[in-house]
Amino acid sequence: MGRAFEFRKERKFKRWAKMAVQFTRLGKEIAIAVKEGGPNPEANSRLRTAIQNAKAVNMPKDRIEAAIKRASDKDAKGYEEHVYEGYGPHGVPILIETATDNTNRTVANIRSYFSKSGGTLGKTGSLDFIFQRKSIFRFTVVDDMDLEELELELIDGGLEELYLEADEEGNEVAVAQTSFEDFGNMQRLLEEMGIEVKSAKLERIALSNTEVGEDDAVEVLKLIDKIEEDDDVQAVYHNMA
């Protein structure tokens, strides 16, 4: 099936093996939410969402509680969120979201990854015309769920698109997409309807694609792998077809 396919398959297995890294990223998201709005998830929607996402990937309950407790300490370190944008090998746009307690370290690392791969780090906002921030909610499709009827009901929450996809285990999940601004509206509506959300995230959706050959794709994916290994990185987006 080609070199690029095999490399992508290898990357998927590596992601499965990086559960500890995923838990660390979710722990940071919990910490940021606690610092912003306090340790009570009932009164802190961002924390409620972070806990929800942590549970969706089977993060242990005691680890979630420990993250909340640490962040509640007034002397606990905080994290700054920064977005970095650039072009990887063969002109592929790459956008990186980070959460860091040392901005100088983070930007130095990100710049190094790009330069060593033959790419370039750009200015903030330079990829706004390629990536659009959207609210993405994923939930399990139950037997009695009428998706056409549900689509009409979710319009009140700002629904732009409702579709099905397979998760990493091959299970079918429904995906509701809204604008960035309607995140809270959709979150409240799904809660009111009693729909158990597996994950709720703000994601970057590519508005256009960059076509590259298989060998070139491998070079880009190697850079993305390197970036994703960085402890300060929360998410990486690209538009490679």
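**Labels and the values behind them**

Student: Why is Arg-46 called partly exposed?

Tutor: Arg-46 has a relative accessibility of 24%. Buried means under 20% relative accessible area and exposed means over 50%, with partly exposed in between (1.4 Å probe, protein chains only). The 24% of Arg-46 falls in between, so the label is partly exposed.

Student: Good. What should I keep in mind about where these values come from?

Tutor: This is a predicted model, in which local features need pLDDT of at least 70 and side-chain atom pairs count only at pLDDT 80 or more, while totals for chains, interfaces and linings use all residues. Residues are numbered from 1 along each chain as its sequence is written, and side-chain values use heavy atoms, leaving out hydrogens and water.

Student: How do you know that Arg-46 and Glu-29 form a salt bridge?

Tutor: The rule asks for a side-chain nitrogen of Lys or Arg within 4 Å of a carboxyl oxygen of Asp or Glu. For Arg-46 and Glu-29 the N to O distance is 2.7 Å, so the pair qualifies. Arg-46 lies in helix α3 (residues 45–56) and Glu-29 in helix α2 (residues 19–37), so the bridge ties together parts 17 residues apart in sequence. Helices (H or I, at least four residues) and strands (E, at least two) are DSSP runs, numbered from the N terminus. The chain has eight helices and eight strands, and the salt bridge count comes to 13.

Student: What makes Arg-105 and Asp-232 a link between distant parts of the chain?

Tutor: Their side chains meet in a salt bridge at 2.9 Å, N to O. Arg-105 sits in helix α5 (residues 103–116) and Asp-232 in the loop between α8 (214–228) and β8 (233–238), 127 residues apart. At 34% relative accessibility Arg-105 is partly exposed, whereas Asp-232, at 4%, is buried. Both belong to a network of salt bridges that also includes Lys-28, Lys-77 and Asp-101.

Student: Why are Asn-58 and His-90 worth a look?

Tutor: Most residues other than glycine have a negative phi. Asn-58 has a positive phi of about 65°, and phi of His-90 is near 65°. Asn-58 is in the loop between α3 and α4 (61–72) and is exposed at 64%. His-90 lies in the loop between β1 (80–87) and β2 (93–100) and is partly exposed at 40%.
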